[in-house]
Amino acid sequence: MNKKMHQDPGKIIDLYTETTAGEHSRDMFHGWLTDGNDSEEKDKALYELWKRTKGDSDERRTVASFNSLMYKAQSNRGRKLGQKILRYTASIAAAVAVAAIYIAVRNTPADVNFVEHFVPSGHSEKIVLPDGTDVYTNSGTILLYSENYGRDSRTVYMLGEANFKVKKDSDTPFIVKSKDFSVTALGTEFDVSSYPDDPYFKATLISGSIKIRQNDSDAEFLLMPAEQIIYNKPTSQYQKIVGVDLYEATAWQRGELIFKGATMNEILLVLERKFDVTFQYRSNVFNGDKFNFKFKKETTLPEIMSIIMEVADNFTYKAEDDIYYIDRKR
């Protein structure tokens, strides 16, 4: 098996990502990815995998599968990842999430080691960076930073959502990089939402000031407190909002859910991450209607679904373990 893998890394990676592997096979595959052999071939195959999967209509399911796999496979958070290991992890479940970070950091030196934090669905976590910056991460978030963070730069790579309370350092800007944007600050507090499966990128300033720049573009924005930038990925349109309700913008940190003008697809996506469940439904079940909801921290998922179902009045659902099957109301 190892000999065959050595001969054709691309086919082995494709085969693995297209099949369901057992625990033993997964361990063998991961070991092969990280053994240092055929590095260039593996690297090229992963990049091709990213290009094929980045436009998948089923990207949301791919990310959900990856989140589940990461939760099962990762026993220790905050572990160190070499640059090559970081890249190889992307193929374990055709993981669009890590593949996106792979693209973001691909130009860094190969010998740079990264510290990785992954927060699975249904969880949140507070992380303190080496310089004292507090990061409060939402469910389904991946955060990476160099092992040398704080020496010459303060850059973190993120997919998901996090609140940053940045330790002031006028000599070294603090930078958050996602697949499409970078956010720069000195000493401030702000919230960034950049899930790969969400249709929007959002940055909200709570205090201080931040500069937002779109990667590979001249688009740049300077935010003042209580201002927010929303980037619509499907339409490539920006919206700047002044006078944002910061209590609502940070509701997720208190465990609350606030939806304003959200479609049912957007609502279910948030519920999947918060409660670590999967919703299965046909694309034509919901129309483009938008809803407003507010749920307290202690509200259970069945209670939330009951309220949403009553208000929407166009669907029914059946729950089997952590999978919710939704059908159009007859």
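Rings of Phe, Tyr and Trp (its six-membered ring) pair if their centres lie within 6.5 Å, and planes under 30 degrees apart count as stacked, over 60 as edge-to-face and the rest as tilted. The views show a predicted model, in which local features need pLDDT of at least 70 and side-chain atom pairs count only at pLDDT 80 or more, while totals for chains, interfaces and linings use all residues. Residues are numbered from 1 along each chain as its sequence is written, and side-chain values use heavy atoms, with hydrogens and water left out.

**View A. An aromatic cluster.** Ring pairs join Phe-181, Phe-201, Phe-221, Tyr-231 and Tyr-238 into a cluster.

View B. Strands, like helices, are DSSP runs numbered from the N terminus (strands E, at least two residues; helices H or I, at least four). In β13, residues 227–232, six of six residues are buried, where buried means under 20% relative accessible area, exposed over 50% and partly exposed in between (1.4 Å probe, protein chains only). Glu-227, Ile-229 and Tyr-231 point one way from β13, whereas Gln-228, Ile-230 and Asn-232 point the other way. Two strands pair if DSSP finds at least two bridges between them; five bridges join β13 to the antiparallel strand β10 (residues 200–207), and six join β13 to β14 (residues 237–242), also running antiparallel.

View C. The structure holds 16 aromatic pairs. One of them is the stacked pair of Tyr-136 and Trp-252, with 5.4 Å centre to centre and 20° between the planes. Tyr-136 lies in strand β4 and Trp-252 in the loop between α8 and β15, so this pair ties together parts that are 116 residues apart in sequence.
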